[in-house]
Amino acid sequence: MSHHSSSSGRGPRPPITPSGPVANVDSLPPGFDPVALRAGRLKRLRDMMAEKDYAALVLFDPNNQRYATGSRNMFGYFLRNSTRYIYVPQEGPVILFEYPGSAHVSTWLETIDDSRTSKVVWSAVNQRDELAAAGFAEEIADLVRDHGRGNRSVGLDRCTLGLARALEAQGLHVRDCMGDTLHARRIKTPEEIACLAISMASTEGAVHAVEQAVQPGITENDLFATMYGAVISGGGEFIETRLLNSGPRTNPWFNEASERVIRPGELVALDTDTIGCNGYYSDFSRTFHVGPGKPSGYQQSLYQMAWEQVHHNIDILRPGMSFRELAERAWPIPERFLDRRYPSIIHGVGMHGETPLVAHAMDLDRFTGDGILEPGMVVSVESYIGEVDGPEGVKLEEEVVVTEDGVELLSRYPFDEALLGRQV
């Protein structure tokens, strides 16, 4: 594993052309080419379509829509209302089916060849799903006949059952493409890695704002609001979870931020889970000690185990390693902490938590399929250390990119020296 310090110069740097499929994190220029970003993602998606024999995809998931085209519109709204969709043929025009009056938000993109009004806007709320489904399916079937060269296979990432059945009634072969789409997205282009690095830097600023605000008397919600505000002001978009907790609420993990008032001597733990700059995920975790005074020996022992777990597991990562080998070689969790282990050793990072997900050895066959680590994957390496009936727990996590010869850190936020026992 190699670590490099980032450049501290403020002057402009010359453009750098990556020499391989994955750029060294520190050699990336501070910006990126958004047209190349969009073109690279669409190419990966269409290469997958050719390999898996899809004539077209009809994308309802806002993350997949953005991956394919760069188009974002009312993101949170369409996470719960599957009424906006994008038709992506293997060959032919990409067509946006948009919410009324809002096509101008996306039609400037070179990836969008045409736009039409969605056939299923408001259909559910007006109890018109069955009526709307027929028109939706007829239009998609016409497009597939025009561009599919006889191929009738259409991929859907998510939609209502009625829409899928309506497409089948038109003679199309409907397939769930979500797994194939996520598999295509597992390898990040150099432009995506640049976006991930930019998102990480901004999110680290938000976590610094939280650390500076940690003090007795403040509430968990106050700290979460500090982080959220800093994410937005730094160009980020939203936080997927509310994982910021304190004291006894750090054990077990997954308690959400609350009105609990933080007390002296406690731990405060957070997980960023941030959809940050340019729509790219930033996912690392830190745990802080609330002063005044020094952390207890027990708090230090939890923190040091979590630190050791994360760094042991980073150190063994290499391209070509199978998921099973990773699980078998992972840091051995002491027995008394096994019950509250974090569900994964690593998970993929891109526009959100993605492929792959590698569970612990005892959970591997239940949660994880076969696979290998590949250059261009970006993963977060997880640790949670807390025991049943224990007073507190520690959450730590780092984000890394898998390169041709190892990994490079994307997250650089410092660890707590006092909790590591390094502070005199």
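The legends below describe several close-up views of one predicted model.

**View 1. The six-stranded open sheet.** In this part of the predicted model, six strands form an open sheet with mixed pairing, and their order is S4-S3-S2-S1-S5-S6. Strand S4 (114-117) and strand S6 (173-176) are the edge strands, each of which pairs on one side only. On average, and with direction ignored, neighbouring strands of this sheet are turned by 20° against each other. Within the sheet, strand S2 (residues 85-89) is joined to strand S3 (residues 95-98) by three bridges in the antiparallel sense, and Tyr85 stands opposite Phe97 in S3. Helix H4 packs on this sheet, where it touches strand S1 (56-59), S2, S3, S4 and strand S5 (153-156), and the direction of H4 makes about 20° with that of S2.

**View 2. The packing of helix H4 with helix H5.** Helix H4 (residues 129-147) and helix H5 (residues 161-169) have axes 8 Å apart and pack at an angle of about 45°, which makes H4 oblique to H5. The crossing of these two helices is right-handed. On the side of H4 the contact is made by Ala133, Phe136, Ala137 and Ile140, while H5 contributes Gly162, Leu163, Ala166 and Leu167. Sorted by class, the residues of this contact are seven nonpolar and one polar, with no charged residues.

**View 3. The crossing of helix H1 and helix H2.** Here the axes of helix H1 (residues 34-52) and helix H2 (residues 62-69) come within 6 Å and cross at roughly 110°, and H1 and H2 are therefore roughly perpendicular to each other. Arg38, Arg41, Leu42, Arg44 and Leu45 in H1 meet Arg66, Tyr67, Ala68 and Thr69 in H2. The residues of this contact divide into four nonpolar, one polar and four charged.

**View 4. The three-stranded open sheet.** Three strands, in the order S7-S10-S11, form an open sheet with antiparallel pairing. Because strand S7 (238-239) and strand S11 (281-282) stand at the edges with a single partner strand each, one side of each is left without a neighbour in the sheet. S7 pairs with strand S10 (residues 274-275) in the antiparallel sense over two bridges, and the bridge partner of Phe238 is Ile275 in S10.

**View 5. The annotated span, residues 198-404.** An unreviewed UniProt entry carries the annotation "domain: Peptidase M24" for residues 198-404. In the model this span is 29% helix and 24% strand, and its end C-alpha atoms lie 22 Å apart.

Conventions: Residues numbered from 1 in each chain as written. Predicted model: local features only at pLDDT ≥ 70, side-chain atom pairs only at ≥ 80, totals over all residues. Heavy atoms only, no water. Pairing = 2+ DSSP bridges. Helix = DSSP H or I, 4+ residues; strand = E, 2+ residues; numbered from the N terminus. Axes fitted to C-alpha atoms, helices over the stretch in contact; angles between N-to-C directions. Parallel < 35°, antiparallel > 145°, perpendicular 65-115°, else oblique. Left-handed = near helix turned anticlockwise from the far one by under 90°. Contact = heavy atoms within 4.5 Å. Nonpolar A, V, L, I, M, F, W, Y, C, P; charged D, E, K, R; others polar. UniProt positions renumbered as here; feature names shortened; annotations may be inferred.
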